[in-house]
Amino acid sequence: MSISRKIFWIDDDGRRKRTADDIGADFVNVNEEDLGETVDGLLKRPQPSLIILDHILDKTAGTNPFFKKGSTIAEALKEKWSTCPVVGITNADLDTIDLRTQRAYDELFAFSHFREYIETIGAIRRGFATIARFRARGPKDLLSLLKPPGDEIDRLMLALPEDLKNSFRDPSVASNLYTWVEKLVARPGFLYDSLWAATLTGLNEKGFEKVVALFDKAIYKGVFSVSDNPRWWSSRLTEIVYKRSPPESGEMSWHVGRKLPGIKDEHYSCCYKCKEEYPEIVAYLDAESDERRPMHLRCTNLDPRFKRELYFEDMRMMLG
Amino acid sequence: MSLDFYPSANDLIESELSVLNHLRNDTYIKENHYHLADAANKYYARSKANYESGFEFFSYFDMWHRPAHQGKLKLARRGMPPPNLRLVVASLIRLKKGVFQNVTYCLAVCRLGRTGFPILRKFHFDITFSSGDGKKKSQAHPSCHLQYCGEMLPAMAEMGVLETQINQLNPWLSEPRLFSPPMSLALLVDMAFHEFPDQRSTKFRDTSAWKDLIRKQEALVLKPFYQKCLDVIVDIHDQKQTLADVFYVD
């Protein structure tokens, strides 16, 4: 199937055309239009590289409530264009939309923050196109799209969800792989964000910024990667820091990271709970907070909001 | 210096890394002994990047052990009694220019107390290498031996063991050093789980992947040792030596 470079933006709010124009999308205004007919017409055209879809389409013509929801349209579009990413946008509070409905989209964003997601949306578009062209001969081939360190491939294979292991040629593979990469990005384990990376190397985030260039080779540059919210392969971070500053007996990465060039006392990490040095992990402030700080393992316990998962760090919270 | 019954530094460290790799990826370990899995992951990365300086490992896991139980039994998670002992497992393989300087494995049994971790037992399994500089040790001892207590590990102090708690065991007294087979990480962890078992740890020990690791380490560190013992006992070189003649070093 041929895939065009076009982006369709389907919406019943004409004011969003300007945003659609900014990202080079064809705006399909369905205000007072018959949505079924419009979608039928679109499906006769070549598959686009991305569809952006308003989640609430209550200003379209017709009274059938099924056709007032972007999620219903998303499923119809996926039926025909299974390798095309569908991104939902909404003004509704995301927490009020049930997970089943959210899963109809490859991603669902709040329109009010749309500009923050432009790079991610670009990464989704490029990633799906790459995967559509890619001919995986086995699940290990899929992993090559992540460009992982060689010695992480076996663990990634073990961590790979069954649907990706068994259906690596299925048209839904791009959607499934995106979901998995999102998890790898969100949950520290294989990949670390800047706070985890800084803590692993014994530094605060300001200190990590000073030496971040040393860790270029650890940056995740695989499919769906974005530069405005980078992640680092944790195994490469430790490899680089240990090779630059070989550890003495008893020293771990959070000790030797402080020997990196340009690092001063003010760049050292410290435990948010006990104020002592060398915190080893990042934890939430409490079971309701989304704020995280570096802490000692001993100053935390398991955060009940998260399940323990093999190959991923435990999600912990500060001791009360 | 090397010992003719002991593996090369490379082979030993490679083998210990495979044990850490197993511990960090095992579901039972991760779900039940998070610190052990986490430490295995962190020390794996450390040693993999720094082969030439040797190998280090320190971790612990908590178990319930009936003889250590006092008072009425209360069940906690998954119908199991809450742990009452902390088992510390540690290893240090120190190299200089690829040559063994020191090899030691430690098992400590601590009570899980409200304050600190009183040490109930602590053992070191050491391999002693001649320094090669002609200097004699203050007292000859077996090149592979078991020592009761030994010095405090810095990581144990960080864990919360108090100096007074180790002093009760009189760590200044190194003797007797008991002639003993060499230890390895998988053999140490396996022994700890075997001696302080529960149903799940027994299943873990029974998995073919773990048994394969054990068998490989037995072949690596025990087979040559026992072969040498046997050679001495049957006197294949007709030298009329005792095990002590052969294994004690100055």
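This is a predicted model: local features need pLDDT of at least 70, side-chain atom pairs count only at pLDDT 80 or more; totals for chains, interfaces and linings use all residues.

Visitor: At what angle do helix α1 and helix α8 of chain B pack?

Guide: Helix α1 (residues 9-25) of chain B packs with helix α8 (residues 208-234) of chain B at an angle of about 165°, and their axes are 11 Å apart. Therefore α1(B) is roughly antiparallel to α8(B), since angles over 145 degrees count as such. The crossing of α1(B) past α8(B) is left-handed.

Visitor: Which residues of α1(B) and α8(B) meet?

Guide: From α1(B), B:D11, B:S15, B:S18, B:V19 and B:H22 take part. Their counterparts in α8(B) are B:A209, B:W210, B:L213, B:K216, B:Q217 and B:L220. The residues of this contact comprise 5 nonpolar, 4 polar and 2 charged.

Visitor: Is B:F225 buried, exposed or partly exposed?

Guide: B:F225, which lies in helix α8 of chain B, counts as partly exposed because it has 18 C-beta neighbours inside 10 Å; a buried residue would need 20 or more. B:F225 touches B:F5, B:C144, B:P181 and B:P182, leaving aside residues up to four places away in sequence. B:P181 is 44 residues from B:F225 in sequence, yet their C-alpha atoms are 7.0 Å apart in space.

Visitor: How many residues does each chain bring to the contact between chain A and chain B?

Guide: Chain A brings 15 residues and chain B brings 14 residues. On the side of chain A, α7 (153-159) and α12 (234-244) each supply at least two residues, and α12(A) gives the most, with 5 residues. That side of chain A divides into 6 nonpolar, 4 polar and 5 charged residues.

Terms used. Residues are numbered from 1 along each chain as its sequence is written. Chains are lettered from A and ligands numbered from 1 in the order in which they are written. Axes are lines fitted to C-alpha atoms, for helices over the stretch in contact, and angles run from 0 to 180 degrees between N-to-C directions. Helices (H or I, at least four residues) and strands (E, at least two) are DSSP runs, numbered from the N terminus. Angles under 35 degrees count as roughly parallel, over 145 as roughly antiparallel, 65 to 115 as roughly perpendicular and the rest as oblique. A crossing is left-handed if the near helix is turned anticlockwise from the far one by less than a right angle, and right-handed if clockwise. Two residues are in contact if their C-beta atoms, placed from the backbone, lie within 7 Å. Ala, Val, Leu, Ile, Met, Phe, Trp, Tyr, Cys and Pro count as nonpolar, Asp, Glu, Lys and Arg as charged, and the others, Gly among them, as polar. A residue is buried if 20 or more other C-beta atoms lie within 10 Å of its own, exposed if 12 or fewer, and partly exposed in between; C-beta atoms are placed from the backbone.
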